[in-house]
Each structure stands twice: as C-alpha cells, then as structure tokens.
Amino acid sequence: MERVDGIDVTACERCSDLCESRSQIVNGTGVEDASLLFIGEAPGAREDEQGEPFVGRSGDVLSTTLRDCGLVRSDVRIANCVRCRPPENRDPTTAELTNCREHLEREIESVDPDFIVTLGKVPSQHLLERDVAVTKEAGSVVEHRITGTPRRIVICLHPAATLYDRSQKETFEQTISEAVSLAGAGAESGQSRLSEY
Ligand code: URA
C-alpha cells in the first residue's frame, strides 16, 4: 500500500526493514518552492520521533548555521535520501536508497531548487552517482542531471562532522554561507569555487 500527497509520502512499504524500525515516515520540510534544497542521508532517532528532518544534534548545527546566514529553516527545503529511520542508525542500503529514489526525485522536481546542497557522503554519492571524497570536495558545485534536468549540486560536509572534528566547522559554515549567497538569499559571499556560479 502506497500513498503520496503532493511531495509527501503518507504510506509506503517498499523497505521491509525500515517499516519495522521507523515510527513514522519523515517527509521533507520547509518552503515548497525553495531556492535551496538540503538533502541528508536518513532520519535518526529524534527525526523519527518528531517526524521532521534534521531536528537532533546535526539539525541544531544546520539551523544555527542557517541562522548565521540570516535564514530560518522554513526559508529553505530540508529532506533526506531515505524517509524512514534505519535500524540502529546504520547507513541506508543501496536497495533502500533505490526504493526511496522516486520519492526524492519527485521532491526535487517539485521544489525545482536553484541549488541542491548534499549534506555528507551518502547524499553526495547518491545524487552524483559516483564516489565522492566529501572532505576534499566540500564547497564544490557540480552540475549533474537528475531525471533529465541539469541540477547544480553543492557538495557539503554532514553537520555531524563538525561535532566530531571541530576543524571541519569552518568548511561546513563557509559552504552553507556561499550556497545561501549563490541562491540569492542575502548572505555575503567571499571568493571561492562557489562564486564561479
Ligand atoms: N542526519 C541526516 O542525514 N538526516 C537527518 O534528518 C538527521 C541526521
């Protein structure tokens, strides 16, 4: 049984493990025609509880960084590659990413953002369909077709990386700040690879 309501998935049973581990489907949040679409990996415990992406510790990092750029969460769109919490917070499997891909593609097409910001390795590799060394490539803007439409993808560290390694904080904040600036959301941008766009 599967039900979709606009961008939201209200019922889905494509992944048997995730049907067991989730308490609810966690759909994207924020404005539906956002110029910036942030995409993470999968909901964690807090997201599963609250039914909203990035509301745990990683979400605090993301929200604070957006606020420093003059934005609130509802100004942008925030979603995940996979909408259901994997058991014990493991990475989503390739099959789960594939199962949820149609939902993600529908979201991307509907929001039609100017820039997609991939938060971490899993979404970066999933959307770019190649290996990504996120630490090395963070801050790069890559054009890639998704369902036939060229999309500009900003590769970014996962916000949790800044909690494990404080030295990553500056790269994370700078990538977000420049993506916000590029998308015309008002932050000042400095000289960087992003400013080529
Ligand atoms: N990490 C993610 O990738 N997504 C969330 O929603 C929360 C943490």
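A polar contact here is a pair of N or O atoms within 3.5 Å; within protein, one must be able to donate a hydrogen and the other to accept it, and residues adjacent in sequence count only if both atoms are side-chain atoms.

You're looking at a predicted model, where local features need pLDDT of at least 70, side-chain atom pairs count only at pLDDT 80 or more, and totals for chains, interfaces and linings use all residues. Numbering starts from 1 along each chain as its sequence is written, and side-chain values use heavy atoms, with hydrogens and water left out.

**Stop 1: the annotated span.** Select residues 27-177, which an unreviewed UniProt entry marks as "domain: Uracil-DNA glycosylase-like"; such annotations may be inferred rather than shown by experiment. The span is 40% helix and 20% strand, and its end C-alpha atoms sit 25 Å apart. Helices (H or I, at least four residues) and strands (E, at least two) are DSSP runs, numbered from the N terminus.

**Stop 2: the ligand.** Show Gly40, Glu41, Ala42, Glu47, Pro53, Phe54, Asn80 and His158, the residues around the ligand (a heavy atom within 4 Å of it).

- Ala42 brings a backbone N or O atom to 3.0 Å from a ligand nitrogen.
- Phe54 has a polar backbone atom 3.0 Å from a ligand oxygen.
- Asn80 uses a side-chain N or O atom, 2.8 Å from a ligand nitrogen.

On its own the ligand has 240 Å² of accessible area, and the protein covers 91% of that (Shrake-Rupley method, 1.4 Å probe).

**Stop 3: the largest pocket.** On a 1 Å grid over the protein atoms alone, a pocket is an open set of points with protein on both sides within 12 Å along at least five of seven lines; a cavity is a set where a 1.4 Å probe fits but cannot get out; lining residues have an atom within 4 Å of a point. The largest pocket holds about 460 Å³ of space. Pick Ala42, Gly44, Glu47, Ser58 and His158, the closest to its centre of 19 lining residues. α2 (45-50), α3 (57-68) and α7 (161-164) each give two or more residues to this lining, and α2 gives the most, with three.

Conventions
Grid points are joined across faces, edges and corners, and a volume is the space filled by probe spheres set on the points.
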